[in-house]
Amino acid sequence: MDLFDKFKIWVSFIFLISQLGHGFYLPGSYPHKYGVGDTLSVKVNSLTSIETEIPYSYYSLPFCKPQEGVKDSAENLGELLMGDRIENSPYRFKMYTNETQIFLCKTKSLSSDEFEMLKKRIDDMYQVNLILDNLPAIRFTKKDGFVIRWTGYPVGVKVQDLYYVFNHLKLTVLVHKYEEPNVAHVMGTGDAVEMIPTVDSGSEVPGYMVVGFEVTPCSFQHKSGSLKDLEKMYHRYPSAIECDPSAVGMSIKEGEPIAFTYDVTFVESDIKWPSRWDAYLKMEGAKVHWFSILNSLMVITFLAGIVLVIFLRTVRRDLTRYEEVDKEAQAQMNEELSGWKLVVGDVFRSPTYPSLLCVMVGNGVQILGMAVVTILFAALGFMSPASRGTLLTGMVILYMFLGIAAGYVSVRLWRTIGCGDKKGWASVSWKAACFFPGIAFLILTTLNFLLWHSNSTGAIPFSLFVILILLWFCISVPLTLVGGYFGAKAPHIEFPVRTNQIPREIPPQKYPSWLLVLGAGTLPFGTLFIELFFIMSSIWMGRVYYVFGFLFVVLILLVVVCAEVSLVLTYMHICVEDYKWWWKSFFASGSVAIYIFFYSVNYLIFDLKSLSGPVSATLYLGYSLFMVLAIMLATGTVGFLSSFWFVHYLFSSVKLD
């Protein structure tokens, strides 16, 4: 049975399982059927702003609180790390039941602190984020004939010298009739999942699924006389409420209360449940995104092909020329010619700081493996936007378990450099387990103090810090040590040539070798800078990133280009008798991180120019530094391993004395 037959059997098996289950839903994307009159509860997420990038709790402002009290929803590790704080809200209504002029509450008289805080949140353009059935509220505005989509709605608006709060919400819920009442359905879409027994096929009770959630905020000045008789929540406001988004009416004043009301309208839609996220995924400039990515892939593939062809022809010509002459001619060539043949006794000489190189390569393998697996699963749909925090949670879990690979690679490379000596493998394993996580912990702790000082929900709670430390030292570190143990037991890679006791003098170079190394990062950067713009927009501008298929292709292409660039630079160095290729091969491809950091600074200056305050800029640069360090380790590892394989193959292909 060949490989193709086995593949067909596995595909058939998976298809059979999906058919037996009467449908297949990816994790985090289960439909929820509601009967007419069933209660729908709206949740609230943290207040966010692209002006400061510092999230705050919804109830940090004087908003209406639910009668049963504020309760946190079930959260995963990724949500906590991203600063999401999902809580219940007083907004609730019944399925397919239109309601208008529903009174929510009247706050207490605004204190001076509450008044100043509201003004500051309005100045910083903070957005309120509502969630219904796992769908964020979406807002549509028209500008110059174009319809612009926004997630959430602003807290308020400043007109001249007065501040107005949006205190009336016109909510529109798009629903689609449940089409398969005989299929067992799942209640919950990412929080508490509960299986519901199969509905009787003879039942004709109509059911609906939520496929859209839209909000139109208004600022309406309620009449004080009408509010006197309204004391209980969900009573009907006695007079008509005109919701005009273009007009403002409810100005906030110190010592005066704010009344909140809402309307809800249900509209039956042709949108089917699997397509309900389409409105959120229609990013602005989508055509530019697709064509730019395709153009980038074609250009970089063409350039990489040219580099690969030239490289193979050059190396093959050298090998052929060297092998076709006799021994006397080889000896004469060694005396007369310069090039990689003359560094045979030094090319495998131990580099400076060998343990640090081994640790960085091991961490790079761990980060690269995490990135490849995570993006592949996201491209297959297992980490959809509907599952908040799933992507980050998956990355953390994969990183911990890939500690085995980090320990194995670090220790085996250490033994290879030491010609099989096992001494010090435990120390190298410990360093591999603590190098990148330790730097990440230092950066996150520093940034967390800034967020704690700002009372932001983006701050990691102390309890989560303890959990992360326990995960680090109870799972990641032991697994890295286990990987190091297997690396110490595995046979080391033997060098094909002997190393001279006295190092050869490197001839003076016409140009600094590190200049080429730093310039080599431009080609890998060209493969991802377009995709990087959309990723940065997703992180800092609140847009939903969803083209993980393209991202996976770009990642594979980046790996190929990093390998080729490092190979060419290594060959160039040993051709000019510079045998210190170890670190240079690492940074030849790892230098792409420098250009990414410069791009991040450029993005901060020109695209996030409205970012206000030194705290926001520090947070941005801190997270950018964390991202750049991970990219440097991953890309540098690709370059080093490919160069190591090439040098080993090159000097084992010919017999040199």
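Modeller: Before we start, contact here means heavy atoms within 4.5 Å. And keep in mind that this is a predicted model.

Colleague: Okay. Of the contacts with a separation of 6 or more, what share comes from residues 24 or more positions apart?

Modeller: That share is 83% in this protein.

Colleague: And what does the secondary structure come to?

Modeller: The protein has 18 helices and 17 strands. Out of its 657 residues, 48% count as buried.

Colleague: Let's go inside, then. How many residues does the largest nonpolar core have?

Modeller: The largest nonpolar core has 82 residues, and Val-347, Phe-640 and Phe-651 have the most contacts inside it. Helix 15, residues 548–575, gives the largest share of this core, with 15 residues. Apart from it there's another core of 58 residues, including Tyr-58, Leu-61, Leu-132 and Val-173.

Colleague: Back to Phe-640. Which residues is Phe-640 in contact with, leaving aside neighbours within four places in sequence?

Modeller: Among them are Leu-357, Val-361 and Leu-413, plus Trp-581, Trp-582 and Phe-586.

Colleague: New topic: rings. What does the count of aromatic pairs come to?

Modeller: The count is 39 aromatic pairs. One of them is Phe-436 with Phe-626, a stacked pair at 5.7 Å centre to centre with 25° between the planes. Phe-436 belongs to helix 11 (residues 425–453) and Phe-626 to helix 18 (residues 614–652), so to speak a link between distant parts of the chain, 190 residues apart.

Colleague: Is Phe-436 buried or exposed?

Modeller: Phe-436 is buried, because its relative accessible area is 7%, under the 20% cut-off. Phe-626 has 27%, so it counts as partly exposed.

Colleague: How do helix 11 and helix 18 cross?

Modeller: Their axes come within 10 Å and cross at roughly 170°. That angle is over 145 degrees, so helix 11 is roughly antiparallel to helix 18.

Colleague: Which residues make the contact between helix 11 and helix 18?

Modeller: From helix 11, they include Phe-435, Phe-436, Ile-439 and Leu-447. From helix 18, they include Gly-622, Tyr-623, Phe-626 and Leu-629.

Colleague: Last one: where does Arg-121 lie?

Modeller: Arg-121 lies over the face of Tyr-56, at 3.8 Å from the ring centre. Arg-121 also lies over the face of Tyr-126, at 5.5 Å from that ring centre.

Conventions
Residues are numbered from 1 along each chain as its sequence is written. This is a predicted model: local features need pLDDT of at least 70, side-chain atom pairs count only at pLDDT 80 or more; totals for chains, interfaces and linings use all residues. Side-chain values use heavy atoms; hydrogens and water are left out. A nonpolar core is a set of buried Ala, Val, Leu, Ile, Met, Phe, Trp, Tyr and Cys residues joined through side-chain atoms within 4.5 Å. Buried means under 20% relative accessible area, exposed over 50%, partly exposed in between (1.4 Å probe, protein chains only). Helices (H or I, at least four residues) and strands (E, at least two) are DSSP runs, numbered from the N terminus. Rings of Phe, Tyr and Trp (its six-membered ring) pair if their centres lie within 6.5 Å; planes under 30 degrees apart count as stacked, over 60 as edge-to-face and the rest as tilted. A charge sits over a ring if NZ of Lys or CZ of Arg is within 6 Å of the ring centre and within 35 degrees of the ring normal. Axes are lines fitted to C-alpha atoms, for helices over the stretch in contact, and angles run from 0 to 180 degrees between N-to-C directions. Angles under 35 degrees count as roughly parallel, over 145 as roughly antiparallel, 65 to 115 as roughly perpendicular and the rest as oblique.
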